[in-house]
Amino acid sequence: IDHEVLPLPGATVILEGTEYETQTDFDGKYYLKVPIDILAEESKLSFHFVGFEPSYMPIKNYKYCSITMDYSISGQFEIEIHSKNNKSKSIVMFLVI
């Protein structure tokens, strides 16, 4: 959720140090199924969303958790878009907001 307690649909949730990740749904909820044998005492989840600072939370024995994400301090972010036209030439565009 953001600082106004609104859900952030499409936020990325990653188990740090692994390839396990998912995205939040329209209500800001997510489900991430991970084999128990890869979890360690220091395992943590990271939460990412464009325009917000990443948030991190140790997993411990949580079954459910809620975090709050803060707006990015810089207020700027860059998006790189890769596209191919019909002649198979790569087009790269940058957008800085």
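Me: Is Ile 59 buried or exposed, going by its relative accessible area?

Reply: Ile 59 is buried, its relative accessible area being 16%. Please keep in mind that this is a predicted model, in which local features need pLDDT of at least 70 and side-chain atom pairs count only at pLDDT 80 or more, while totals for chains, interfaces and linings use all residues. Residues are numbered from 1 along each chain as its sequence is written, and side-chain values use heavy atoms, with hydrogens and water left out.

Me: Where does Ile 59 lie, and which residues does Ile 59 touch?

Reply: Strands are DSSP runs of E with at least two residues, numbered from the N terminus, and Ile 59 lies in the loop between S4 and strand S5 (78-84). Contact means heavy atoms within 4.5 Å; leaving aside residues up to four places away in sequence, Ile 59 touches Leu 15, Leu 39, Ser 43, Lys 44 and Leu 45. The C-alpha atoms of Ile 59 and Leu 39 are separated by 8.8 Å, although the two residues are 20 apart along the chain.

Me: What is the strand order of the open sheet?

Reply: Strands of a sheet pair through backbone hydrogen bonds, either parallel or antiparallel. Two strands count as paired if DSSP finds at least two bridges between them. Here four strands form an open sheet in the order S2-S1-S3-S4, with antiparallel pairing. Strand S2 (21-23) and strand S4 (55-58) stand at the edges with a single partner strand each, so one side of each has no neighbour in the sheet. From one strand to the next, the twist averages 20 degrees, where axes are lines fitted to C-alpha atoms and angles run from 0 to 180 degrees between N-to-C directions. Strand S3 (residues 44-48) pairs with S4 over four bridges in the antiparallel sense, and Lys 44 stands opposite Pro 58 in S4.

Me: Which backbone atoms lie 2.5 Å and 2.9 Å from a polar atom of the side chain of Thr 24?

Reply: A polar contact is a pair of N or O atoms within 3.5 Å; within protein, one must be able to donate a hydrogen and the other to accept it, and residues adjacent in sequence count only if both atoms are side-chain atoms. For the side chain of Thr 24, the backbone oxygen of Leu 8 lies at 2.5 Å from a polar atom, and the backbone nitrogen of Ala 11 at 2.9 Å. Thr 24 is in the loop between S2 and S3 and is buried, with a relative accessible area of 10%.

Terms used:
Buried < 20%, exposed > 50% of the residue type's maximum accessible area, 1.4 Å probe, protein only.
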